[in-house]
Amino acid sequence: MPRPIEALIHPDAVAHNLAVARAATPDAKLWAVVKANAYGHGIERIYPGLQAADGIALLDLAEAERVRALGWRKPVLLLEGVFEARDLELCSRLNLWHAVHHDQQIDWLGANKTHQPHRVFLKLNSGMNRLGFAPSAFRSAWARLNALPQVDEISLMTHFADADGPNGTAAQMALFDEVTRDLPGERSVSNSAAILRHRGLRSDWVRAGILSYGSAPDYPEHDIAHWGLRPTMTLRAQLIATQQLKAGDAIGYGGRFRAEGPLRIGVVACGYADGYPRIAATGTPVLVDGVRCGIVGRVSMDMITVDLTPVPAARIGSEVTLWGRGPQGSVLSIDEAARSAGTVGYELMCALAQRVPVHVADGHGA
Ligand SMILES: *Cc1c(COP(=O)(O)O)cnc(C)c1O
């Protein structure tokens, strides 16, 4: 028997979560954002769940090729645009729409002997200060693009820095509206947090990333149950040992955790080499046979130790859910595990380690 750990991917839940985004912004077209290999899930694995989207957004050209090879005929958008001039050939060949966020990308377009004109998304830096033209440079960039025969349609985009937080979207949206006033073209502004929390914004195309993967963009203010989202990735393992401790006994490297009284612990076949965060604190929740328990002591490379007090019947072979769907309809959101490790669901799903076997769930139990 292989080591008892696996990840399960739930494409049906991706479809459900995209429907949540659709319901929140019924008039918008929906990009499913599948960068970073679909946030660690595997583009091919979740592909059946993407069918209801109007387009697929990503940043890696090889991933764009994979999406086309899967048979996707609807739009594909490169969120960071092209990285060098010759990438434009692939854009023409595969009909990829691409963001334009700096002058050199316009130079490359102008020099490109393209057959099929390009559809571009001109990006405004409205305050996040990663990608995009400064407000003062935006309209001249638009005019340069508009003068190029290589470009047939210009859409307008920006990205919010704090749609999930207290700053919200108002200041960036006001700037975007001011700079783009009178310009024709479709707008794309909303990410997951804006889709769910800022519903009145004009965004002809919304960009649903993390919500598609069953993580609440504004956790812990709201959780996935609040937004009606379902987990799309389950990480599960089994107990491979149990230990009976007495008062004063220590657990694991550094003996950081000591039992205050008799304590039964379970040893789980999952560690940081599987992508479970080493920094996860004592008390980080896991499900043992569907019952909530907390980890105790340090996470090691291949193992985690768990307080079995809430589940006395647990034994070697008991199922342990690190995140996602457990037995009998139980759920442990990836956001809860992430928070105990001082991070966010995004990072955990993207960091699933190579050695963990990944399977696609059979579609039931959504
Ligand atoms: C990743 C990304 C998104 C999706 O963000 P989520 O918070 O995952 O919804 C949207 N727009 C751009 C430009 C991105 O890079």
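In the predicted model, aspartate 182 is placed in the loop between α8 (170-180) and β8 (187-188). This residue has a positive phi of about 75° although it is not a glycine. Aspartate 182 counts as exposed, because its relative accessibility is 67% and the cut-off for that class is over 50%. A positive phi of about 55° is also found at alanine 38, likewise not a glycine. Alanine 38 belongs to helix α2 and, at 0% relative accessibility, counts as buried. A further backbone feature is the cis peptide bond from tyrosine 219 to proline 220, where omega is near 5°. Proline 220 is located in the loop between β9 and α10 (224-227).

Aromatic contacts were examined next. A pair of aromatic rings is described by the distance of the centres and the angle of the planes. A search of the whole structure gives 9 aromatic pairs. In one of them, the ring centres of tyrosine 47 and tryptophan 72 are 6.2 Å apart and the ring planes stand at 75°, so this pair is edge-to-face. Tyrosine 47 comes from the loop between α3 (43-46) and β3 (55-58), and tryptophan 72 from the loop between α4 (61-69) and β4 (76-78); the pair therefore ties together parts that are 25 residues apart in sequence. Tyrosine 47 counts as buried, since its relative accessibility is 11%, and tryptophan 72 is buried with a relative accessible area of 1%.

The largest pocket has a volume of about 810 Å³. Its lining consists of 37 residues, and those nearest the pocket centre are Lys35, Tyr39, His159, Asn191 and Tyr346. By class, this lining comprises 21 nonpolar, 7 polar and 9 charged residues. At least two lining residues are supplied by each of the helices α2 (35-39), α9 (192-197), α11 (334-340) and α12 (345-350). Helix α2, which contains the buried alanine 38, is thus among the elements that contribute to the lining of the largest pocket. At the level of domains, at least three residues of the lining come from domain 1 (11-215) and at least three from domain 2 (233-360).

Arginine 93 is part of helix α5 (residues 87-94) and is exposed, with a relative accessible area of 60%. Between arginine 93 and glycine 254 the separation is 161 residues in sequence and 57 Å in space, taken from C-alpha to C-alpha.

Methods. Residues numbered from 1 in each chain as written. Predicted model: local features only at pLDDT ≥ 70, side-chain atom pairs only at ≥ 80, totals over all residues. Heavy atoms only, no water. Phe/Tyr/Trp six-rings, centres within 6.5 Å; stacked < 30°, edge-to-face > 60°. Helix = DSSP H or I, 4+ residues; strand = E, 2+ residues; numbered from the N terminus. Buried < 20%, exposed > 50% of the residue type's maximum accessible area, 1.4 Å probe, protein only. 1 Å grid on protein atoms, 1.4 Å probe; cavity = no way out; pocket = protein on both sides within 12 Å on 5 of 7 lines; lining within 4 Å. Points joined across faces, edges and corners; volume = space filled by probe spheres on them. Nonpolar A, V, L, I, M, F, W, Y, C, P; charged D, E, K, R; others polar. Domains from an automatic or database assignment.
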